[in-house]
Amino acid sequence: MSTSNRAFRALADETRRMILRLLRDGPLTSGEIADRFDSSWPTISRHLAVLKEAGLVVTERHGQEIRYDLNASVFQDLIQHLIEWTRPTGGPSRRISKPARARHQEV
């Protein structure tokens, strides 16, 4: 799965978007993030793992703590990707075949 696809899937969840909003003000530990939610620490930890796998956050170890921070470069790539959708291609429309996985799911 491409980086863009992983990022869009990660952003589809409201809790993960809320975590990203918290990280706008700077790095936080998983405990500091979990304290802001009613969810259990393991649930928040899973959300953080999805965000990390998607490249939306990076981690840095400080002694016993792991601090999570936004990865701004991935957001810049996503913005560029979205902007490209709004530009005309300059050529005739052509059919784009669905990926094999999507065709398989429809059968």
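Buried means under 20% relative accessible area, exposed means over 50%, and partly exposed is in between (1.4 Å probe, protein chains only). You're looking at a predicted model, where local features need pLDDT of at least 70, side-chain atom pairs count only at pLDDT 80 or more, and totals for chains, interfaces and linings use all residues. Residues are numbered from 1 along each chain as its sequence is written, and side-chain values use heavy atoms, with hydrogens and water left out.

Start with Glu65: at 41% relative accessibility, this residue counts as partly exposed. The term means a side-chain nitrogen of Lys or Arg within 4 Å of a carboxyl oxygen of Asp or Glu.

Next, select Glu32. A salt bridge joins its side chain to Arg67 too (3.8 Å, N to O). Arg67 sits in strand 3 (residues 65–70) and Glu32 in helix 3, so the pair ties together parts 35 residues apart in sequence. Helices (H or I, at least four residues) and strands (E, at least two) are DSSP runs, numbered from the N terminus. Keep Glu32, Glu65 and Arg67 on screen together: they are linked in a network of salt bridges.

Now for the core. Select Ile19, Leu23, Ile33, Ile44, Leu51 and Leu56, which touch the most other members of the 18-residue largest nonpolar core. Such a core is a set of buried Ala, Val, Leu, Ile, Met, Phe, Trp, Tyr and Cys residues joined through side-chain atoms within 4.5 Å.
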